[in-house]
Amino acid sequence: MSSTEKIVLTGIKPTGTPHVGNYVGALKPLIEQSQTQKTFMFIADLHALNLIHDATQIKQHTYEITAMLVALGLNLDNAILFRQSDIDEIYQLNTLLTNVTPKGLMNRAHSYKAAMDKNIANGDDVDAGINMGLYTYPILMSADILLYNSDIVPVGADQKQHVEFARDIAGYFNHIYGETFKLPTPVIGRDTGLIPGLDGRKMSKSYDNTIPLMAPEKELKKKIMRIITDSKTPEEAKDPDESTIYQLYKHFASETEVAEFAEMFRAGGMGYGTAKTILFEKINSVLSDARMEYERLMANTDEIEQILKRGAERAKPVAMETLARVKKAMLG
Ligand code: ADP
Ligand code: TRP
């Protein structure tokens with residue numbers, strides 16, 4: 001990597017089995033980007049810990065996301081794909097950064113405020129169920145970003161504030177200890193909330209309305225057939241933009257196919273059952289090769305561990321160099 005090349009980094013939290021919304025909004029753009037752009041890309045398992053207190057689940061989701069990225073064609077030469085918790089330097093930088101992070105900054109974090117608001121609305125103690133992992137989440141994320149000297153951090157809109165906090169924390173640090181960190185910039189490349197789920201609301205594991213990306217064919221079909229539609233008869237003309245079926249189809253079919261499908265909605269004469277079958281066949285054919293590779297990898301988790309290990313070996317020297325620099329600045 002030449003010194004003028006911008007360093008790009010992003011993390012993906014292993015908190016659930018990736019669904020079609022995650023694919024379109026996050027995984028697909030990252031896979032496309034990896035074809036031309038060097039990127040540090042890690043599975044943020046430490047960030048999942050404030051929510052999931054079950055090692056088996058965290059490991060399972062880590063394997064699933066890694067296998068999916070690889071099966072869907074992530075370029076492993078350009079993407080340094082690793083597991084956050086495999087790099088010991090992250091725990092150390094996190095501890096060091098707590099000392100330059102104002103408590104007030106953490107109080108302002110959207111995610112912490114949302115958790116407090118929920119407690120207040122329920123009439124609970126404001127801090128009920130809120131652990132320090134959630135409260136200090138932005139410090140750990142800053143450590144991720146700063147440890148690898150990142151310039152650019154592609155994230156969903158919901159994560160923009162966290163990247164801005166990393167920039168603030170880097171600035172506080174540099175002010176006290178002299179130029180040590182570069183200031184990272186968030187890039188909102190991922191479109192959060194774009195993809196509707198089975199019930200028409202945003203597809204999200206919190207709404208239990210998802211289509212798992214690598215669902216076996218039978219399950220995929222069953223899910224798609226359960227998409228909620230309005231009561232228009234097959235003969236009636238329909239607005240494609242109001243249909244979840246069309247909204248999903250758009251992200252899997254070619255431009256010509258999408259235009260044809262839209263026309264079939266507008267013309268009338270196509271029932272929702274038929275539209276769902278067309279959607280199923282499209283998603284199924286686009287994903288079938290990747291699904292086979294995914295299933296192969298999930299049956300060989302040693303191979304997934306090897307992929308993550310190779311990524312960690314490439315990330316580690318960068319982390320060591322940064323940590324040494326920070327320790328020297330803070331401790332002499
Ligand atoms: P969930 O809402 O299921 O908990 P996450 O919050 O873990 O999903 O989402 C991880 C990333 O996946 C988000 O930052 C966003 O980029 C993408 N994503 C999630 N849901 C959607 C959606 N419905 N449409 C588009 N992108 C989404
Ligand atoms: N917090 C991010 C999310 O919930 C995941 C993440 C952890 C991340 N560390 C990061 C993203 C560093 C970008 C950079 O999606």
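Ligand 2 is surrounded by 14 residues, the closest being His-47, Tyr-137, Met-141, Asp-144 and Gln-159; a residue counts if one of its heavy atoms lies within 4 Å. This is a predicted model: local features need pLDDT of at least 70, side-chain atom pairs pLDDT 80 or more, while totals for chains, interfaces and linings use all residues. Residues are numbered from 1 along each chain as its sequence is written, chains are lettered from A and ligands numbered from 1 in written order, and side-chain values use heavy atoms, without hydrogens and water.

**Exercise 1.** Find the side chains with an N or O atom close to a nitrogen atom of ligand 2, then describe the cover.

*Solution.* 
1. Start with Tyr-137: the distance from its side-chain N or O atom to a ligand nitrogen is 2.6 Å.
2. Asp-144 comes next, at 2.8 Å.
3. For Gln-159 the value is 2.8 Å.
4. Now the cover. On its own, ligand 2 has 370 Å² of accessible area (Shrake-Rupley, 1.4 Å probe). The protein covers 93% of that.

**Exercise 2.** Sort the shell around ligand 2 by class.

*Solution.* 
1. Count 8 nonpolar, 4 polar and 2 charged residues.
2. Check the rule: Asp, Glu, Lys and Arg are charged, and Gly is among the polar ones.

**Exercise 3.** Explain why strand β3 is largely enclosed.

*Solution.* 
1. Check each face. Ala-79, Leu-81 and Arg-83 are buried on one side, Ile-80 and Phe-82 on the other.
2. Phe-40 has Ile-80 as its bridge partner in β3.

How values were computed
Polar contact = N/O pair within 3.5 Å; in protein donor to acceptor, adjacent residues only side chain to side chain. Buried < 20%, exposed > 50% of the residue type's maximum accessible area, 1.4 Å probe, protein only. Helix = DSSP H or I, 4+ residues; strand = E, 2+ residues; numbered from the N terminus. Pairing = 2+ DSSP bridges.
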